[in-house]
Amino acid sequence: MTSWKIPVGGEMTSAIYDEGAGDVIEGTVFVCAHGAGGNIVDGSMQKTAKALVARGVSFVRFNFLYKEKKSGRPDP
């Protein structure tokens, strides 16, 4: 797992990259945004990442800016 910051306009948000394991499907990366109320480390995101990585698919997840700011409401 590798984490980094992504510039979005004049702000930054977090992202995580999980590399596929086993029979890696070269060049395949699934980019996933969490649902409303979620974040990049909630249970469903971690389970989804774990399942896809085990099947050889690399996985990128990121926070929307409102979650990065710990706000419960999406940006207008």
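Colleague: Is Ser 58 buried or exposed?

Modeller: Buried means under 20% relative accessible area, exposed over 50%, and partly exposed in between, with a 1.4 Å probe and protein chains only; Ser 58, with a relative accessible area of 5%, is therefore buried. This is a predicted model, in which local features need pLDDT of at least 70 and side-chain atom pairs count only at pLDDT 80 or more, while totals for chains, interfaces and linings use all residues. Residues are numbered from 1 along each chain as its sequence is written, and side-chain values use heavy atoms, leaving out hydrogens and water.

Colleague: Which side chain is joined to that of Ser 58 by a polar contact?

Modeller: A polar contact is a pair of N or O atoms within 3.5 Å; within protein, one must be able to donate a hydrogen and the other to accept it, and residues adjacent in sequence count only if both atoms are side-chain atoms. Here the side chain of Tyr 17 is joined to that of Ser 58 at 3.2 Å, and a polar atom of the Ser 58 side chain also lies 3.0 Å from the backbone nitrogen of Gly 20.

Colleague: Which residues make up the largest nonpolar core?

Modeller: In soluble globular proteins, nonpolar side chains tend to be buried together. A nonpolar core is a set of buried Ala, Val, Leu, Ile, Met, Phe, Trp, Tyr and Cys residues joined through side-chain atoms within 4.5 Å; the largest one here has five residues, namely Cys 32, Met 45, Ala 49, Val 53 and Phe 59.
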